[in-house]
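Please keep the sequence and the structure open while reading.

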Amino acid sequence: MEFFEVVKRRRTTNGPFLPDPVSEEHQRLLVDVAAMAPSHFNSQPWRFVLADDRAVIEEVARISGESMRRLMEEGTFWKRYRPYFRFSEEEVERRRDGIHIDKLPAVVRPFRRQIFSNTGQAVMNRLGVPKTLAEDNRKLVADSPLLLAVLLDKTEYRPGELSGFYSVFGMGAAVENVWLATTELGMGIQFVSTPMEVPEKWEEIKQLLSVPEDLELMAVYRLGYVPEERRRPTIDWSSTERKRPSQYVFRNTCETPVADTLGESGT
Ligand SMILES: Cc1cc2nc3c(=O)[nH]c(=O)nc-3n(C[C@H](O)[C@H](O)[C@H](O)COP(=O)(O)O)c2cc1C
């Protein structure tokens with residue numbers, strides 16, 4: 001694929017992967033490209049765990065599902081993420097950011113604005129939404145052929161210090177390289193993020209991966225080859241829109257947004 005084509009086609013995979021194992025060659029390629037990323041003074045503060053053992057994957061899946069259920073039943077999820085939910089094409093077109101909740105079970109659809117609010121949590125719980133989503137999440141993770149844990153060397157990753165910020169910056173670049181490479185390889189990738197939002201659950205993942213004292217576990221991803229025809233989970237979202245240039249780029253000072261189309265006044 002052309003480089004710019006890869007950049008444009010890079011996506012987060014919300015749906016299931018094919019059951020095929022990720023080849024050793026591809027696994028190596030993913031970490032090789034990660035290592036090509038820039039880092040402060042070439043410190044390469046990132047470390048990775050490639051997990052393809054079924055027992056490990058299923059345990060992470062269990063922890064992920066449980067975390068999801070807890071975050072939803074306790075309402076943390078809705079409080080934290082409500083600002084990013086969009087429910088109509090009109091809203092998406094206007095804001096051009098956030099995630100569009102465009103697939104919901106028919107029973108929930110008429111109440112979508114209420115239930116995706118802080119106050120709608122009780123209704124959500126009554127309709128069994130947290131349980132459904134937690135099981136969807138567990139299954140998605142369990143059926144993934146590969147997990148990738150991203151860690152940082154704590155001698156570099158010192159939160160609050162410049163080196164801590166630089167390490168996170170470099171890690172982001174490394175992960176983006178992996179993300180782009182999955183696109184080229186016909187693979188998909190998604191954060192397994194719920195455990196990191198529940199401290200005890202994150203501890204469980206650290207124990208499972210035998211993370212030593214000198215490393216900080218930063219993120220876990222699930223990866224696999226993407227099927228031709230994508231099946232969507234029970235509740236799903238899309239986030240393909242991007243802001244217009246005038247919404248996020250300025251010329252010379254922050255007071256002058258650029259024009260959306262090249263050649264228009266305002267540059
Ligand atoms: C720091 C960070 C955290 C994210 N957390 C999650 C997550 O918890 N679950 C998920 O499915 N995607 C997660 N994503 C992916 C974003 O939702 C996604 O990149 C965004 O909606 C744009 O969609 P796209 O990647 O398909 O272009 C995260 C991305 C970043 C950079």
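## Overall size and fold

For a chain of 267 residues, a compact globule would have a radius of gyration near 18 Å; the protein chain has 20 Å, which agrees. The model is predicted. Taken along the principal axes, the box filled by the C-alpha atoms is roughly 55 × 45 × 40 Å.

The protein chain contains eleven helices and seven strands. Among contacts between residues at least 6 apart in sequence, 76% join residues that are at least 24 apart.

## Surface and charge

Of the 267 residues, 43% count as buried. The accessible surface of the protein chain is about 15,100 Å², and carbon and sulfur atoms account for 54% of that surface.

The side chains include 37 positive and 41 negative ones. The centres of these two sets lie 7 Å apart.

## Aromatic pairs

The structure holds eight aromatic pairs. One of them joins F191 and Y221, which form a tilted pair with 4.5 Å from centre to centre and 50° between the planes. F191 belongs to strand β5 (residues 187-191) and Y221 to strand β6 (residues 215-225), so the pair ties together parts that are 30 residues apart in sequence. A pair of aromatic rings is described by the distance of the centres and the angle of the planes.

Elsewhere in the chain, one aromatic cluster is formed by F77, Y81, Y84 and F85.

## The loop between α1 and α2

Two residues of this loop can be taken together. R11 is found in the loop between α1 (3-9) and α2 (24-35), and T12 is placed in the loop between α1 and α2 as well. R11 is partly exposed, with a relative accessible area of 32%. T12 is also partly exposed, with a relative accessible area of 31%.

Which residues does R11 contact, leaving aside its neighbours within four places in sequence? The contacts of R11 are W179, I189, T240 and R242. With neighbours within four places again left aside, T12 is in contact with W179, I189, Q190 and W237.

R11 and L180 are 169 residues apart along the chain, and their C-alpha atoms are separated by 8.7 Å. T12 and G188 are 176 residues apart along the chain, with 6.8 Å between their C-alpha atoms.

E93 is found in helix α5 (residues 89-95). With a relative accessible area of 38%, E93 is partly exposed. The C-alpha atoms of E93 and E197 are separated by 30 Å, and the two residues are 104 places apart along the chain.

R96 lies in the loop between α5 and β3 (99-103). Is R96 buried or exposed? R96 has a relative accessible area of 17%, which falls under the 20% cut-off, so R96 counts as buried. Not counting residues up to four places away in sequence, R96 touches E91, E241, R242, K243, R244 and Q247.

## Backbone angles at S210 and N252

Most residues other than glycine have a negative phi, and most peptide bonds are trans. S210 is not a glycine, yet has a positive phi of about 50°. N252, likewise not a glycine, has a positive phi of about 70°.

Where are these two residues found? S210 is in the loop between α10 (199-208) and β6, whereas N252 lies in the segment after α11 (245-248). S210 is exposed, with a relative accessible area of 59%. N252 is exposed too, with a relative accessible area of 78%.

Note on methods: Residues numbered from 1 in each chain as written. Predicted model: local features only at pLDDT ≥ 70, side-chain atom pairs only at ≥ 80, totals over all residues. Heavy atoms only, no water. Helix = DSSP H or I, 4+ residues; strand = E, 2+ residues; numbered from the N terminus. Rg over C-alpha atoms; globule rule 2.2 N^0.38 Å. Buried < 20%, exposed > 50% of the residue type's maximum accessible area, 1.4 Å probe, protein only. Contact = heavy atoms within 4.5 Å. Areas by Shrake-Rupley, 256 points an atom, 1.4 Å probe, with all protein chains shown as cover. Lys, Arg positive; Asp, Glu negative; His and termini not counted. Charge placed at Lys NZ, Arg CZ, Asp CG, Glu CD. Phe/Tyr/Trp six-rings, centres within 6.5 Å; stacked < 30°, edge-to-face > 60°.
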